[in-house]
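Try each one before reading its solution.

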Amino acid sequence: MNSSLQFAKLQSLKLAPFFLSVVLYFALVRRDPQGETWTTVLKCLPIVALMLYVLIKGFALNKHYRRSQLILLGLIFSCGGDALLNVNLFPFGMVSFGVAHIFYISAFGWRPLNWILGLCLYVPVTVFVIFVAKYLDEILIIGVPIYCALITTMLWRASARALDAKSFLAIFCAVGATLFVISDALIAVTMFLSVALPGARLQIMITYYIAQFAIALSTADDGPSPPQCSNKNK
């Protein structure tokens, strides 16, 4: 219990810039922020803070921190996607987030495969894509299915890893991946299906920030394994 409290305290201190930037965003951005430079900066600040967390919690350019390296790259492209979406460049923002998911997929790995879990995720997403296809233009009709395949794969790999590792960080990361899908689904139903959700932006951004927070936090246990002490008879 003491070690868990110590871990939580240590990580919360390193994550303080993220929590402060999230509060700042929701306190200052009270309406739809599309196209405004200052709201773009505020929207990106929490993701920049998570990049900082990945760097300061322990980071190096070697094989021991490969997951941290990949998730950092995912956060960088996510930040680019946030900026592009906020200045009304939706297709380019979607591409940037798609690249981010490729890095996340690589970070989570392919073992164990758990193809049954993957099938259970791909089927409903495929049905959803078929349903919204008639509302997409000539660019999004290509981009949306590709993006949905990438984010579903990201959720699949995060969930398969959580089921195998059974650690808090891996499970919380899978929860974050699920919230990422929910956040994007909320964007889809409001943008493509014109569904008027109450507090849509609030729902989208809260689920999105928690998702990225959980994914970034999953790097807390990344790094070289602690040396094992061998007991020798004297």
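**Exercise 1.** How many aromatic pairs does the structure hold? Then place two of them.

*Solution.* This is a predicted model, where local features need pLDDT of at least 70, side-chain atom pairs count only at pLDDT 80 or more, and totals for chains, interfaces and linings use all residues. Residues are numbered from 1 along each chain as its sequence is written, and side-chain values use heavy atoms, leaving out hydrogens and water.

Step 1: the structure holds 18 aromatic pairs. Rings of Phe, Tyr and Trp (its six-membered ring) pair if their centres lie within 6.5 Å; planes under 30 degrees apart are stacked, over 60 edge-to-face, the rest tilted.

Step 2: Phe26 and Tyr209 pair edge-to-face, 6.1 Å centre to centre with 85° between the planes. Phe26 lies in helix α2 and Tyr209 in helix α9, so this pair ties together parts 183 residues apart in sequence. Helices are DSSP runs (H or I, at least four residues), numbered from the N terminus.

Step 3: Phe168 and Phe172 are stacked, at 5.7 Å centre to centre and 10° between the planes. Both lie in helix α8, four residues apart, about one turn of the helix.

**Exercise 2.** Buried, partly exposed or exposed: what are Phe26, Tyr209 and Phe168?

*Solution.* Step 1: take the cut-offs, with buried under 20% relative accessible area, exposed over 50% and partly exposed in between (1.4 Å probe, protein chains only).

Step 1: apply them. Phe26, at 22%, is partly exposed; Tyr209, at 2%, is buried; Phe168, at 58%, is exposed.

Methods
Helices (H or I, at least four residues) and strands (E, at least two) are DSSP runs, numbered from the N terminus.
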